[in-house]
Amino acid sequence: MNTTIPVSKEQVISAFQYRHATKTFNTNKKISGEDFNYILETGRLSPSTMGLEPWKFVVVQNPELRNKLKEVSPGAQRQLDTASHFLVILARTNLRYDSEYVMNQLKNVKKMPEEVVTFYSSALKGVQEESGLLKDERLLYEWSAKQTYIALGNMMTAAALAGIDSCPMEGFDYAAVDHILEEEGLLQEGNFKASVMLAFGYRNEEPERVKTRNDMEHIVHWS
Ligand SMILES: Cc1cc2nc3c(=O)[nH]c(=O)nc-3n(C[C@H](O)[C@H](O)[C@H](O)COP(=O)(O)O)c2cc1C
């Protein structure tokens, strides 16, 4: 376990101040392979419920595919044209407690002994039954999708700490994007759906607006 504290609190806050939803990136400046792998690694290391990692990170670099996505993504127009690296984060559709994926994840990725797998799987069954996830495929997908946002946030912060800009995007037609990705064979026969997009690169100019947020008293309630 690494117990050193590699960055100061001031550096972290300054990265949060530096990060902004970048619309247009500098097309002459590409993120290095090493830096992009660092960003992906922070996505990979992100937490998820019971460590189920219900995501896939599709890196869209093919200009033709970017153009197809552009036609159905009003909120990602400039980002698709200019990002050094463009991610579509997919969420798993079937995260049922007894699915092949969940079983494999517990046994072979998390390396749990048989009795621990049984314990986790039955705990998961309880949670999924209680919250109605088993009766509604949409809810089950959204449960996965919520978790992709943890990886999304971590990758944006990691990028900012390295001076790399990013933009999260939900401004797209989900069904149309799924259709395009399905045609590319990226959804593994319905096992995934698009959850959120995330563009990376280097800013062309300083943000159009200064960062605005509610005051702390407005959003934090101590009781
Ligand atoms: C989940 C999510 C979806 C977003 N969707 C879009 C989008 O489709 N297009 C876009 O340009 N910005 C999008 N944004 C960026 C927000 O507008 C932006 O984060 C917000 O205005 C705060 O500004 P800041 O990130 O620069 O601090 C999205 C942000 C989040 C977190």
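Predicted model: local features only at pLDDT ≥ 70, side-chain atom pairs only at ≥ 80, totals over all residues.

Residues are numbered from 1 along each chain as its sequence is written, and side-chain values use heavy atoms, with hydrogens and water left out.

Next, show the C-alpha trace, which spans about 55 × 45 × 35 Å along the principal axes of the protein. Switching to a cartoon brings up 9 helices and 4 strands (DSSP runs of H or I with at least four residues, and of E with at least two, numbered from the N terminus), and from the N terminus on they run α-α-β-α-α-β-α-α-α-β-α-β-α.

Now select Phe36 and Phe200, which form an edge-to-face aromatic pair, 5.8 Å centre to centre with 75° between the planes (ring centres of Phe, Tyr or Trp, the last by its six-membered ring, within 6.5 Å; planes under 30 degrees apart are stacked, over 60 edge-to-face, the rest tilted). Phe36 lies in helix α2 (residues 33-44) and Phe200 in strand β4 (residues 192-201), so the pair ties together parts that are 164 residues apart in sequence. Phe36 is buried at 4% relative accessibility, and Phe200 is buried too, at 0% (buried means under 20% relative accessible area, exposed over 50%, partly exposed in between, with a 1.4 Å probe and protein chains only).
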